[in-house]
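User: Hi! Could you take me through this model in a few questions and answers?

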Amino acid sequence: MRVELRQIYKYFGAVRANDGISLSVEPGTIHGLLGENGAGKSTLMKVLSGYLAADRGEILLDGRSVRFSSPAQAIALGVGMLHQDPLDFPALTVLDNFLLGSPGTLFPNRARARRELERLAAQFDFHLDPQTPLSALSIGERQQLEILRLLWLGAQVLILDEPTTAISAQQKDKLFAALCRLAEQGRTVIFVSHKLQEVEELCSRVTVLARGKVAGEAEMPCPTERLVEMMFGQVVSQGRRPATPLGEVVLSLEGLTVSDWRVEVKGLSLEVRAGEVIGLAGLEGSGQRLVLQACAGLRRPDAGRVRLAGQDMTGWPYERFLTSGVVYMPAGRLEEGLIPGMTLTEHTALASRDRAFLVDWKAAAEEAARRIQKFNIKGRPETPVEELSGGNQQRTLLALLPHGLKVLLMEHPTRGLDLESTEYIWELLQKRTEEGTAILFTSADLDELLDRSDRLLVFCAGRVQLLEARRTSAQQLGECIGGKGFDG
Amino acid sequence: MDLTIFLASVLAAAPPVLFAVLGETITERAGVINLSLDGTILFSAMAGFAVALHTGSVIPGILAAMGVGALVAGIVALASLTLRLPQVATGFVLTLLTRDLAYVLGNPYVRVPGPQVPHTPIPILSEWPAVGKIFFDQDPLVYLSLAAIVLVWVFMFKTRPGLMLRGLGEQPTAAYVRGADVVRMRYLYTLLGGALVGLGGAAFSLLVAPGWARQKFEGIGWIALAIVIFGNWHPIRAALGAYFFVALQTVATNLQSAMPEVPTQVFPTLPFPLMILTLLLVTVSSAEWMNRLLGRLPPGLRRTLTRTIQMLQTVPPAGLGKVPKRE
Amino acid sequence: MTERSASRTQDRLLRLIGVVVALFLSALILLALGTSPLEAVALLFSGALGTPGDLAAVLTAWVPVLLCSAGLLLTYSAGLWNIGIEGQIVMGAIFATGMLRLVQDLLPPHLALVLGALSGIVGGMLWATLAGLLRLYGNVSEIFGGLGLNFVAGSLVVYLVTGPWSRPGTGTTSGTVPFPSSLWLPAFPGFAVSPIEIALALVALVLVGIALRGTYFGLRLKAIGKNLRSAYLLGVPVNRYLLAAFALCGALAGLAGWILVVGASARHNLFPLISSGYGFLAILVVLLANLNAIWVLPISFFFAAISMGSLELVYEKQLDSAVGSAIQGLLVLSVLLTQGLQRHFLEKRAGRERARPSAEEEIGS
């Protein structure tokens, strides 16, 4: 089935997720859709799969204009999508998941569905026990099931949104083999990723998105440099972080193993010295957040130790980390950083380590006003935080950080900030490092990672590489994030 | 006491709690909490009795009670699904309001004798020794309650819409992707669950404790809500919980006559500390200190304990009480 | 500008509609029971404010509602549903009665009263803390824990009244032996509500109001209620604060329990159902006041007036005593629903506005 998207527009408030994107994909091919976080890939694919309605634009299947009002309608017309976070039911069994949503009579024929599932699974060499609860399966197996289900429902176009973020190498190989088979059968596969290596390995043609627009298209094979350039634009280095004299070891990880339901970071050892800046690079969900949370005492390590200035803190609660001078600044601004419904003044008072009983609201408002000015926040002391723009919320979070920290852990510290305030934030952070604070931060911005860090920890599906920031080029980092250089 | 008579009396007294528990299980499986059960049962019991009295027949009474139950559930659904108000707030206010309305509107019917569901032994089958006495020498609502357990179970676990219902409360977004109109389905199952709760009310005033009076069935709704949790949102386990509760009640009533020195008001409240303990038993395993405690035990003991606790543990539908964001 | 003022008028109109709908439904119910609504209003009014004695009765009901509302402001701010408040009142009454029985013959009345109050506070606190511990360390929702504890407290009273504390010779549930008048809170003749009761309730509300507005304690509590995760990451010791909210609310409920035993118009003994539903009424008050301590004052007075005024209606028209609380429930439900409707429409409007830029873009391009 030939897929054509014409001039797709989709805005979320002021954010232009898709800003006039056109794309066409030939049947029997695997088409890569590349771009960094927030480039608009997922939005575009959600539009194509009927999950989101575009503000404007047209979708054509085999030349016929179609309009979906729901994902169910899209799959009925042959377009199925495998979402990045699996949209399935962990509490139900494999067979129930396979059956759920399929059309048919009141009492589904389970025996037949089971045979169908087994027949399809055998085709792709997948091994799924129909009676197992889904929660016992790995992400890779859940994907396999979802692919089989979509095929069973008659999907001619299969969209896979970042399918390899959380699966093992063997499962990846199996997945790729299956995708190649599907293309051979004449189906259309759209492979959304930002791992260059995989796209190079799998796709016959690639479209690169950046900031909601098509940044370029290329037939594969294509030199990696060109793809990197299309993805990240011209990398304009602001100049690397000046070498700062480093102090004692403030934070050390010894054989740290942390995991959640999708990814495991195994046996990470690292020593961070006072004043050092370490950038955590990698795709969203590759394990960076796990490591940051373990460093803050927010996640109990499965194995290994976390030491602060020599003292073993493994297993201590977050409060102890906090009083020992560790602060964690999360990415979810309104979810876990700020408190919607409270004003900037209230946040200022809340963040102050004042031991007094009564709040001096006048002083708090003045302090809030000072910080508003200092951090260039577009708001007033009495503004509730949910009314601030995303960038201003981020600046507020930074404005609330206490002084005299040993370790500062940040997720995407400058996401959504303009150049000027980014520069300003880093000036402030630089001062903090001069005072001896060590900083660990995650970022999706290669420039930021390269220019602000001493060392880089690159994560790929839980595996970790350590790079010297000053001896790494944007090219190398981009390839590394894309999975090059990891053994196995 | 004769075991046959005991079991028969448990079965006979169970329909109110049973219908309420099954109804709420359906509602919560769809992801909505109808907290108003305690008042809804009273209100529908009163309405059912009043309508039965006026019409002289129990069937319109039962239908009216189901209608009242669905109506209250409809307000819960409107408030939480359309207006996105916190489910606890409206649920609690409705608990009090429906209770008070039942008392106010039911005032003229207090202790008035009225119709009740007739005892209808099933010919031949009831002659069957023991089993016949327990299962087939009962009232139509008892037969219906037994059928309801099976029906709800078959619907939930054997049919296509039942499968979607289970998905609905688990992952509404995924259910949407698979073709469900999430809000409409949730309305539907909330109304259906409410109607069953109403049927439970009717079973009170037309069968188990015929007639209407103040404070007759207060507290039962809360017990029913707790049984839903204990039942792990599974109709069979929930039904067993309901029978267990009614059996305890029956035992307590018998004990009471055996121990006249204990004040009569004490026994009816015994279920409540039991309710707290039961809830503690089924939820405590997710507490962090429990894991830490288990971690310190010797491996053999730990394994046994962990297994026991996990068997008892109940897990609510992942989407329970949450209203998904519109995209 | 005109659009905004128009929308504000619309908001007020909607809120007014909520009250009107509640009144209309109440009128319908009264009509169904054969009572003219206008007559009912007159009876309500005269029942509540007809004589100084009536006013004193309203104030007597107002005091425990106010105390409980003050306590509930704390738990509600922290995002907790302290439905166990009824049991906390009862526990306060039990502890107060127990202490008074213990010391009434040993100590001077004033001292005994004070000890009774402290004991009541401890009782309420204990019961609330138990609900808190169940919630925090047993994962038992405070709704079920609190509710179960309500029934337990209730049966404890019945046990005490008919058992160890029963009146000599009788085994009825009418209550314990009344305390002598030296252990009653003093009141002016003809106006049977003690200034001490009113003062305590007002002081409690003021203190809670100050705590919520002006202290770090209140600020952190509100932060927990609005976003527990963020508050935790900002360094608020969440569990300790939640327990404190429970304990303080229980303390105020316990104080209310003490007043229900020793208050000027009280029955001066412990009896079943001593809490009279004041705790649940306070939950409605706080829901309606939407966390605003100042609004609690008139709303709780209004509700107390309905509760007391409806007694005359009940008496004159032979209605059920739940008439008052049914009207209160209707009011709260209608206002909640209209507030929801209002937000619903606001969101819809905001949704339309958000869609606008793309429309403009279309014209531009």
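Predicted model: local features only at pLDDT ≥ 70, side-chain atom pairs only at ≥ 80, totals over all residues.

**Sheets, a helix and a contact**

User: In which sense do strand 7 and strand 8 of chain A pair?

Analyst: Two strands pair if DSSP finds at least two bridges between them. Strand 7 (residues 157-161) and strand 8 (residues 188-193) of chain A have five bridges, and their sense is parallel.

User: What is the order of the six strands in the open sheet of chain A with mixed pairing?

Analyst: Strand 6 (79-82) and strand 10 (213-219) of chain A have a single partner strand each, so one side of each lacks a neighbour in the sheet. With those two at the edges, the order is 6-7-8-3-9-10.

User: What angle does helix 6 of chain A make with strand 8 of chain A?

Analyst: Helix 6 (residues 169-184) of chain A packs on the sheet and touches strand 3 (30-34), strand 7 and strand 8 of chain A; contact needs C-beta atoms, placed from the backbone, within 7 Å. Axes are lines fitted to C-alpha atoms, for helices over the stretch in contact, and angles run from 0 to 180 degrees between N-to-C directions. The angle with strand 8 of chain A is about 145°.

User: Which residue is the bridge partner of Leu5(A) in strand 4 of chain A?

Analyst: Strand 1 (residues 3-12) and strand 4 (residues 56-61) of chain A pair in the antiparallel sense over five bridges. Both belong to an open sheet of four strands in the order 2-1-4-5. In strand 4 of chain A, the partner of Leu5(A) is Ile59(A).

User: Which helix of chain B gives the most to the side that touches chain C?

Analyst: The contact takes 37 residues from chain B and 42 residues from chain C. Among the helices of chain B that each supply at least two residues are helix 4 (58-82) and helix 11 (220-230). With 13 residues, the one that gives the most is helix 5 of chain B.

Technical notes. Residues numbered from 1 in each chain as written. Chains lettered and ligands numbered in written order. Contact = placed C-beta atoms within 7 Å.
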